[in-house]
Amino acid sequence: ITQSIYVDSTETVHTYSFPPNSAQKMEQVQILDTDAALEPLLQVAKESSKNNDTNRTLVMKALSDATIFCGFDQIKATLELQDDHVLGKTLDLFSFGLYSDYTTAEPGTFLSLSDAQVLKLRQLTVLSLVQKACFQASPVISYTSLAQALGINSQMDMVEEILVACIYSGMVGGQLCQQSQSFSLSSTMPFKSRDVPPSQTKDLLDRLKGFRDQLEGTMEQMVGATNSVQSQKQSHEAFWKQHETTGSQKPSAMDRFPGFRSREHASARASNKRSRGGLASLDVARF
């Protein structure tokens, strides 16, 4: 199995070749990136005494788990953490926050993160940028915008390393191009989603309701078109059944469409008129 990663300045496509068992490992990572990895932590959180030390241990474990990229709001609710608590703020940061929120916050606002947790927060920031690009119908993200969001000045190699880590973890899919200094999103591979912040819940519900209303309108149009076709079909069947039961001959097109016969008679009358005078006058004029 091979996966295209980037194109360098010579327009050479670079691919990473994975051993046969690597495909299974990548599949396992994507499977674990669901409730399978989160459920044990939630179970321990339900049964814990919910003291500060236990809560801190569970939160740090969730932040360090490389297979958990969502569900932090569930951990917060299970541990009954308040929004103003440092643990609750840190979980909100990983739910829908950005790396810049962590670096610009006052000391003590969030937990002090390890290097692995910082990498994970940067990966989640990339995922937010990918979601924003999809909402704006922009399939290409520049390295410059990524570097700015990730707090990287001019180290584009580091941007590529984070993007490759996102691809390996199954969060996003796409190609990295060094020549254009951009990341092109894949149109076939779906990306993971982040938790929805409470401030955006109403807007998201309104969008879903609008989408539902649009689907219902489309469904009504389809039902109307179906009924119209069915009515025409029944009328057609009744027409032929009437002629079959009466034993009459098979009707011609002129019998089925009277307008066709009137047009044929009009054409015949015009032809006779031309033969009586119109064409003769043309022949006289020629000679």
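This is a predicted model: local features need pLDDT of at least 70, side-chain atom pairs count only at pLDDT 80 or more; totals for chains, interfaces and linings use all residues.

**Exercise 1. Helix 5 and its surroundings**

Task: Work out how many of the eleven residues of helix 5 are buried, and which helices they pack against.

Solution: 
- Step 1. Select residues 86–96, the span of helix 5.
- Step 2. Go through the selection with the cut-off for buried, under 20% relative accessible area. The residues that pass are L87, G88, T90, L91, D92, L93, F94 and S95.
- Step 3. That makes eight of eleven, and helix 5 is mostly covered.
- Step 4. Now look for the partners: the buried residues of helix 5 pack against helix 3 (52–64), helix 4 (72–78), helix 6 (99–104) and helix 7 (115–135).

**Exercise 2. A residue of helix 3**

Task: Decide whether N55 is buried or exposed, and find what N55 is in contact with beyond its neighbours in sequence.

Solution: 
- Step 1. Locate N55, which sits in helix 3.
- Step 2. N55 counts as buried because its relative accessibility is 4%.
- Step 3. Set aside the neighbours within four places in sequence; N55 is then in contact with S48, K50, L79, L81 and L87.

**Exercise 3. Rings and charges**

Task: Describe the geometry of the aromatic pair formed by F239 and W240, then find which residues lie over the faces of F69 and Y99.

Solution: 
- Step 1. The structure has three aromatic pairs. In one of them, F239 and W240 lie 5.7 Å apart, centre to centre, with 85° between the planes.
- Step 2. Planes over 60 degrees apart count as edge-to-face, and that is the class of the F239 and W240 pair.
- Step 3. Turn to the charges. K120 is over the face of F69, 5.7 Å from the ring centre, and R122 is over the face of Y99, at 4.4 Å from the ring centre.

**Exercise 4. The largest pocket**

Task: Characterise the largest pocket by its space, its lining and the elements that contribute to the lining.

Solution: 
- Step 1. The largest pocket holds about 620 Å³ of space.
- Step 2. Its lining has 21 residues, and those closest to the centre are S128, Q131, F135, P197 and Q200.
- Step 3. Helix 5, helix 7 and helix 10 (201–246) are the elements that each give two or more residues to this lining. Helix 7 supplies the largest share, six residues.
- Step 4. Sorted by class, the lining has nine nonpolar, seven polar and five charged residues.

Conventions
Residues are numbered from 1 along each chain as its sequence is written. Side-chain values use heavy atoms; hydrogens and water are left out. Buried means under 20% relative accessible area, exposed over 50%, partly exposed in between (1.4 Å probe, protein chains only). Helices (H or I, at least four residues) and strands (E, at least two) are DSSP runs, numbered from the N terminus. Contact means heavy atoms within 4.5 Å. Rings of Phe, Tyr and Trp (its six-membered ring) pair if their centres lie within 6.5 Å; planes under 30 degrees apart count as stacked, over 60 as edge-to-face and the rest as tilted. A charge sits over a ring if NZ of Lys or CZ of Arg is within 6 Å of the ring centre and within 35 degrees of the ring normal. On a 1 Å grid over the protein atoms alone, a cavity is a set of points where a 1.4 Å probe fits but cannot get out, and a pocket is an open set with protein on both sides within 12 Å along at least five of seven lines; lining residues have an atom within 4 Å of a point. Grid points are joined across faces, edges and corners, and a volume is the space filled by probe spheres set on the points. Ala, Val, Leu, Ile, Met, Phe, Trp, Tyr, Cys and Pro count as nonpolar, Asp, Glu, Lys and Arg as charged, and the others, Gly among them, as polar.
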